[in-house]
Amino acid sequence: VPYVWGGASPSGFDCSGLVMYVYAAFGKKLPHSSFGQQAMCTQISESQLQPGDLVFFKGGSHVGIYVGDGVMIHCGDPIQYTSINSSYWQQHFYAFGRPAY
C-alpha cells in the first residue's frame, strides 16, 4: 500500500490515517492527525509498551503502531515494519502512548 498524504484507506495511507484505519477496525475512533492521536493517549514508558500502543516520532508529527519485539508498523513508502531501536528512529523518538478508552 503506498504512502498518500491525507490517505486513510487501503488505496493509500499517511501515518495517522493508517493508525485511524486500524483502530476503527477494532471499533475504536481516533482522529486523522498524529497530534490528535497523541492527545488521546496516556504517555507510557518503553518498558510498558504492548502491541497496539502508539509510538510517536519527529516532534509528534509521525506515528506508528507498536506490534511487539521492538517493532512498529508505520506508513513509510510503502507501509512497513521497522525496528523502533534503529539509529534513525532513536534519533527522532518523541513519545510512547496508549489510547485511553
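With which side chain does the side chain of Asp53 make a polar contact? I found Arg98 as the partner, at 2.8 Å; a polar contact is a pair of N or O atoms within 3.5 Å, where within protein one must be able to donate a hydrogen and the other to accept it, and residues adjacent in sequence count only if both atoms are side-chain atoms.

**Basis of the entries**

I worked on a predicted model, in which local features need pLDDT of at least 70, side-chain atom pairs count only at pLDDT 80 or more, and totals for chains, interfaces and linings use all residues. Residues are numbered from 1 along each chain as its sequence is written, and side-chain values use heavy atoms, with hydrogens and water left out.

**Asp53**

I placed Asp53 in the loop between β3 and β4; strands (E, at least two residues) and helices (H or I, at least four) are DSSP runs, numbered from the N terminus. I noted Asp53 as buried, since its relative accessible area is 3%; buried means under 20%, exposed over 50%, and partly exposed in between, with a 1.4 Å probe and protein chains only. I then listed its contacts (heavy atoms within 4.5 Å). With neighbours within four places in sequence left aside, Asp53 touches Tyr23, Ile44, Gln48, Gly64, Ile65, Tyr66, Gly97 and Arg98.

**Sheet and helix**

I traced an open sheet of six strands, ordered β3-β8-β4-β5-β6-β7, with antiparallel pairing; two strands pair if DSSP finds at least two bridges between them. The edges are β3 (41-44) and β7 (79-83), and each has a single partner strand, so one side of each lacks a neighbour in the sheet. From one strand to the next, the twist averages 35°; axes are lines fitted to C-alpha atoms, for helices over the stretch in contact, and angles run from 0 to 180 degrees between N-to-C directions.

I looked at one pairing in detail: β5 (residues 62-68) joins β6 (residues 71-75) in the antiparallel sense over four bridges. Tyr66 stands opposite Met72 in β6. Helix α1 (residues 15-25) lies across β4 (54-57), β5, β6, β7 and β8 (93-99), and runs at about 45° to β5.

**Aromatic rings**

Rings of Phe, Tyr and Trp (its six-membered ring) pair if their centres lie within 6.5 Å; planes under 30 degrees apart count as stacked, over 60 as edge-to-face and the rest as tilted. Tyr88 and Trp89 are edge-to-face, at 4.9 Å centre to centre and 85° between the planes. Phe93 and Phe96 form a tilted pair, because their planes stand at 40°, with the centres 4.5 Å apart.

I compared accessibility within these pairs. Tyr88 is partly exposed at 38%, whereas Trp89 is buried at 8%. Likewise, Phe93 is partly exposed at 34%, whereas Phe96 is buried at 8%. I recorded one aromatic cluster formed by Phe57, Tyr88, Trp89, Phe93 and Phe96.

**Backbone in the loops**

Which peptide bond did I record as cis, with omega near 10°? The bond runs from Asp77 to Pro78, and Pro78 lies in the loop between β6 and β7.

I also noted positive phi values in residues other than glycine. Lys58, in the loop between β4 and β5, has phi near 55° and is partly exposed at 38% relative accessibility. Asp69, in the loop between β5 and β6, has phi near 55° and is exposed at 81%.
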